Amino acid sequence: PGNVKGESNFTIQWEVSGEAGNITHTAVHFGFKSGGPDVKDYGRFSKVYTGRVPQQFSTELIAPASGIIYFRVHAIIDGADIYSNEYEIRIIPR
């Protein structure tokens, strides 16, 4: 979503696609400031999922009271790190 109400649950969905392979890690890495190329800059991450390519995933997060959440999805497929673009979600204060 582009924005969510503060202190409410919201869902992020993503798909890991491409040639067949083993997904040993995929998660949403997020924080309250824009991260750099290293997902460790975000400071937080969702539940970690595993599986086979292609596969769809979703995770539920809880929005803070206000601000902006920055995030990107990270996947490790057959030992290779894959990163999505960075996205942001604006929090609408209650």
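The model is predicted, with a mean pLDDT of 95 for the protein. A pLDDT of 70 or more is reached by 100% of the residues.

**Confidence by element**

- Strand β5 (residues 49–52) has the highest mean pLDDT among the elements of the protein, at 98.
- The lowest mean pLDDT among the elements belongs to strand β4 (residues 44–45), at 94.

**Aromatic residues**

- Four aromatic pairs are found in a search of the whole structure.
- One of these four pairs joins Tyr49 and Phe57, with ring centres 5.6 Å apart.
- Tyr49 and Phe57 belong to one aromatic cluster together with Trp14.

**Thr26**

- Thr26 is part of strand β3, which covers residues 22–31.
- The relative accessible area of Thr26 is 0%, so the residue counts as buried.
- The Thr26 side chain comes to 3.1 Å from the backbone oxygen of His74.
- With residues up to four places away in sequence not counted, Thr26 touches Trp14, Tyr49 and Phe57, among others; these three form the aromatic cluster.

**Salt bridge**

- One salt bridge is present in the structure.
- Its partners are Arg90 and Glu88, whose closest N and O atoms are 3.3 Å apart.
- Arg90 is partly exposed, with a relative accessible area of 46%.
- Glu88 is also partly exposed, at 37% relative accessibility.

**Ser66**

- Ser66 sits in the loop that runs between β6 (55–62) and β7 (67–77).
- With a relative accessible area of 44%, Ser66 is partly exposed.
- Ser66 and Ile92 are 26 residues apart along the chain, and their C-alpha atoms are separated by 6.2 Å.
- Ser66 is in contact with Ile91 and Pro93, leaving aside neighbours within four places in sequence.

Terms used
Residues are numbered from 1 along each chain as its sequence is written. This is a predicted model: local features need pLDDT of at least 70, side-chain atom pairs count only at pLDDT 80 or more; totals for chains, interfaces and linings use all residues. Side-chain values use heavy atoms; hydrogens and water are left out. pLDDT is the predictor's confidence in each residue, from 0 to 100. Helices (H or I, at least four residues) and strands (E, at least two) are DSSP runs, numbered from the N terminus. Rings of Phe, Tyr and Trp (its six-membered ring) pair if their centres lie within 6.5 Å; planes under 30 degrees apart count as stacked, over 60 as edge-to-face and the rest as tilted. Buried means under 20% relative accessible area, exposed over 50%, partly exposed in between (1.4 Å probe, protein chains only). A polar contact is a pair of N or O atoms within 3.5 Å; within protein, one must be able to donate a hydrogen and the other to accept it, and residues adjacent in sequence count only if both atoms are side-chain atoms. Contact means heavy atoms within 4.5 Å. A salt bridge is a side-chain nitrogen of Lys or Arg within 4 Å of a carboxyl oxygen of Asp or Glu.
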